[in-house]
Amino acid sequence: MSSRVLIVDDEPDILFMIKVILRSEGYEVVAASGVAEARAQLSEDNPDLVLLDLRLADGEGWDVLRDLREDGRLERVPVVILSAHASPGTIQRALSEGAAGYVTKPFVTSELVGAVREHAYGN
Amino acid sequence: MLDIAGPRRRPHLRPSPSHPEPTTIRLLVESVLDYAIFLLDESGHILSWNAGAQRIKGYKPQEIIGKHFSIFYPEEDLAWDKPGRELKTALQEGRVEDEGWRVRKDGSRFWASVVITPLYEADGRLRGFGKVTRDLSERRLAEEHLRRSEEEFRMLVSHVTDYAIFMLDARGYVQTWNAGAQRIKGWTADEIIGKHFSTFYTQEDLDAQKPERELEMAKTAGRVEDEAWRVRKDGSLFWANVVITAVYDDDGHLQGFAKITRDLTDRRNAELAKDRFIANAAHELRTPLSVVIGLSSHLRNPKAVEDPEFPEQIDALARQAIRMRTLVNNLLDLTQIVQGKTRPLSEVRLDDAVERAMLTLPPPDGTSVDTAIGPETVRADPGRLDQVITNLLSNAYRYGGKRITLRSEARAPDLVVLEVADDGPGVSSELATVLFEPFKRGAETQAIEGSGLGLAIVKGFVESFQGRIDYAPADGGGARFLIYFKRGEDR
């Protein structure tokens, strides 16, 4: 069975691109365009990995990250942050708040795919 | 011969029977014009008179020979017998030199340099005195001139307001203060003169002993320059450029320090704003770049063409490339605005401009645009005016409601107002205050594509038409922009 990845990003074309790339790598992809959609998805689903943007239209990715880490059912789901913020402070914070990895935008396919392969649950 | 050279020597007058006075020397002395050179007897009566003496003092030889030399002294010097004292000193010291006022025959005064030397016979008996006088009035004029120019310079410095220019003594205490120092730092001269210049430093710099170190460095290197926060009288901080220069007197002793301070707070803020702008622009480029880089590297796979979503992938690629082009164009527009580049204004019919914008940017399905534009002309650059209207229209399409209205109204004789309104959710009051600043976007519209530069450009362009733009919510709560134009000469 293929691994399932939840992508949370408010840019439709970013969602589309990541979907295209990960699908061609054999992943099953679910998309959420903001905090609310991400929460809805997670309430009924246990993805093998979450790709999470930090700046979302309806809130902050940090909140989604905290939800995941505080939820007994989801706390082991690995989260890879996908963000244009590239400051060491932000990356450090993400890792200390429980993110498994961090990919800065813009990225090339191999960076994204590499991070997903490395962290997807069950690998 | 006469020997009047050199201090503290005892010259001897030696026209003795065995050494007759050479006529050439006498002729030389008599003809010298720049110096009054003459002889006094032992009690101070004039024995000889040369051409220089006549020129400087005004007396002819027959008028003055035999008179006492005190005739050359002003009254205030006679009161304490300066002439007599000078002869006495000359006898004691071998020579006396003096600079002071002397009186000419016509009563006018001149500033004189005087040397009186006692002259002795070969047997050591006092024969009299040699007196050499120079008129220093010209030198005094030069000094006076110098003093005046120093005064002018001091006035100049004291009136400069863009720079704080002041002197510190060798230990760092404020000695002078100018208008610029008062303007920049807030203290008046009375309040600050005599205080130590460390008053201007932050506690942090004081703890690091920066004031002392800067004086030390100025002493060593001649000059020290610093750019940092400094403290005003009211405790507020300003970003200062400071130059401290060590000042030495002619003998090489440290007199103190000249300190010149500029307030660069505005410049620093402008630089920070520019840095933020560049960071924002780079940030805005990241999303389209991510899509272009991600998709193009995916599409290198030969099998990508077989994907049924292939056309959508190409579309997304093109869309994001166009988005980058728009962003770059917007950045160039804003740069022109910031640089104050204007284009020549002409008279443009507002109804034509709105029509062109509607053709360029037709409303999306389900959105209606009602226009009621009069035939007035406005002062504008046609290209920039088109962009103003299309930017506002595209904002209304993306963020506004389904009903958009464009109306114009000739208000005063030389004023035309264009109103662009929609029945959408409007703008939050906190966003309304920064609506026209670059990269300010509402949280509720983050998901809608846009660079955050459109309204900044609109405002810049409208102002380049010498017009104005305001945001005022529409009656139903929707967004409403009011653009005030100068009316053309159509009426």
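This is a predicted model: local features need pLDDT of at least 70, side-chain atom pairs count only at pLDDT 80 or more; totals for chains, interfaces and linings use all residues.
A residue counts as buried when its relative accessible area is under 20%.

**Figure 1. Buried aromatic pair B:Phe69 and B:Tyr73.** The relative accessible area of B:Phe69 is 0%, so B:Phe69 is buried. B:Tyr73 is likewise buried, because its relative accessible area is 3%. The two rings form an edge-to-face aromatic pair, with 5.6 Å from centre to centre and 85° between the planes. Over all chains, the structure holds 17 aromatic pairs.

**Figure 2. Aromatic pair B:Trp49 and B:Tyr59.** A pair of aromatic rings is described by the distance of the centres and the angle of the planes. For B:Trp49 and B:Tyr59 the centres are 6.5 Å apart and the planes stand at 75°, so this pair is edge-to-face. B:Trp49 belongs to the loop between strand 1 (35-41) and helix 2 (51-57) of chain B, and B:Tyr59 to the loop between helix 2 and helix 3 (61-64) of chain B; the pair therefore ties together parts that are 10 residues apart in sequence. B:Trp49 is buried, with a relative accessible area of 8%, and B:Tyr59 is buried, with a value of 10%. Together with B:Phe38 and B:Phe72, these two residues form one aromatic cluster.

**Figure 3. Interface of chain A and chain B.** The size of an interface is often given as the accessible area lost when the parts come together. Here chain A and chain B bury about 1,900 Å² between them, and 59% of this area is on carbon and sulfur atoms. Of the area that chain A buries against chain B, 28% is supplied by A:Asp13, A:Phe16 and A:Pro106, more than by any other three residues. In terms of contacts, 19 residues of chain A meet 22 residues of chain B.

**Figure 4. Salt bridge between A:Glu11 and B:Arg323.** The side chains of A:Glu11 and B:Arg323 meet in a salt bridge, with 3.0 Å from N to O. Three salt bridges are found across the interface of chain A and chain B. Between these chains, eight residue pairs are in polar contact. On the side of chain A that touches chain B, helix 1 (residues 12-24) of chain A contributes the largest share, eight residues. By class, that side of chain A has 10 nonpolar, three polar and six charged residues.

**Figure 5. Cis peptide bond at A:Pro106.** The peptide bond from A:Lys105 to A:Pro106 is cis, with omega near -5°. A:Pro106 is found in the loop between strand 7 (101-104) and helix 5 (109-119) of chain A. Chain A as a whole has five helices and seven strands, and buried residues make up 54% of its 123 residues.

Figure 6. Most residues other than glycine have a negative phi, and most peptide bonds are trans. B:Asp81, which is not a glycine, has a positive phi near 55°. B:Asp81 is placed in the loop between helix 4 (75-78) and helix 5 (82-93) of chain B, and its relative accessibility of 42% makes it count as partly exposed. B:Gln209 also has a positive phi, of about 55°, although it is not a glycine. B:Gln209 is found in the loop between helix 9 (203-207) and helix 10 (210-221) of chain B. At 49% relative accessibility, B:Gln209 counts as partly exposed.

Conventions. Residues are numbered from 1 along each chain as its sequence is written. Chains are lettered from A and ligands numbered from 1 in the order in which they are written. Side-chain values use heavy atoms; hydrogens and water are left out. Contact means heavy atoms within 4.5 Å. Buried area is the accessible area (1.4 Å probe) that two parts lose on being put together, summed over both. A salt bridge is a side-chain nitrogen of Lys or Arg within 4 Å of a carboxyl oxygen of Asp or Glu. A polar contact is a pair of N or O atoms within 3.5 Å; within protein, one must be able to donate a hydrogen and the other to accept it, and residues adjacent in sequence count only if both atoms are side-chain atoms. Helices (H or I, at least four residues) and strands (E, at least two) are DSSP runs, numbered from the N terminus. Ala, Val, Leu, Ile, Met, Phe, Trp, Tyr, Cys and Pro count as nonpolar, Asp, Glu, Lys and Arg as charged, and the others, Gly among them, as polar. Rings of Phe, Tyr and Trp (its six-membered ring) pair if their centres lie within 6.5 Å; planes under 30 degrees apart count as stacked, over 60 as edge-to-face and the rest as tilted. Buried means under 20% relative accessible area, exposed over 50%, partly exposed in between (1.4 Å probe, protein chains only).
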